[in-house]
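Please look over the sequence and the structure shown here before reading on.

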Amino acid sequence: MKIIKGNKSGSRSGEATEVIAGIAWYYPEQWAMLLDVSVDRNSLETTHEDWLRLAEKAMFDIKRSGISPRKVYVDVEKLVAWCKAQNRSVDGAARAEFVQTLLTEKVEEG
C-alpha cells in the first residue's frame, strides 16, 4: 500500500515526490486478540515477537528501496468494528485496506 505525497516528478515547482508505505503495527497486548479474530490466523506469526522481527525487517527493506515506511498503529478492536461495518472478515486484505485508510487519514491531516 502506497500513498504518494508531494508533487509528481517533473513538476514546475521542482519538489520531489515522496512515496509512503503504511506498515501495520500491532500492540503486543492485542496480538492474541488479532489471532482470535483473523480468519487467516495460520498466515500470521504465532507470537508478537516473531511478527515484530519480520515487521522491522520489512521497514528496513522498504526504506532501503527509497520508499518512506510509516508505522500505522492498529487497535484490533477498531479493526474488528471497521470490518463489521464493511461486512468483511478480518483477513490480510481487510487488514491492509484498514491500514491504508488510517494512513490516508493521517497524511491528509498533515
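## The buried side of helix 2

In this predicted model, the buried residues of helix 2 are His-48, Trp-51, Ala-55, Met-59 and Ile-62. Viewed down the axis of helix 2, these buried residues lie within an arc of 80 degrees, so they line one face of the helix. An α-helix has 3.6 residues a turn, so residues three or four places apart point the same way.

Which elements do the buried residues of helix 2 pack against? Their partners are strand 2 (18-26), helix 1 (31-37) and strand 3 (68-74).

## The opposite face and the helix end

On the face of helix 2 turned away from the buried side, Arg-53, Phe-60 and Arg-64 are exposed.

Helix 2 comprises the 17 residues 48-64. Just after helix 2, Gly-66 adopts a positive phi of about 95 degrees.

## The largest pocket

The volume of the largest pocket is about 210 Å³. Its lining consists of 14 residues, of which Ala-24, Tyr-26, Leu-44, Trp-51 and Arg-95 are the closest to the pocket centre. Trp-51 also belongs to the buried residues of helix 2.

At least two lining residues come from each of strand 2, helix 2 and helix 4 (92-109). By class, the lining of the largest pocket contains nine nonpolar, three polar and two charged residues.

Key
Residues numbered from 1 in each chain as written. Predicted model: local features only at pLDDT ≥ 70, side-chain atom pairs only at ≥ 80, totals over all residues. Heavy atoms only, no water. Helix = DSSP H or I, 4+ residues; strand = E, 2+ residues; numbered from the N terminus. Expected span 1.5 Å × (residues − 1). Buried < 20%, exposed > 50% of the residue type's maximum accessible area, 1.4 Å probe, protein only. Arc of directions from axis to C-beta. Contact = heavy atoms within 4.5 Å. 1 Å grid on protein atoms, 1.4 Å probe; cavity = no way out; pocket = protein on both sides within 12 Å on 5 of 7 lines; lining within 4 Å. Points joined across faces, edges and corners; volume = space filled by probe spheres on them. Nonpolar A, V, L, I, M, F, W, Y, C, P; charged D, E, K, R; others polar.
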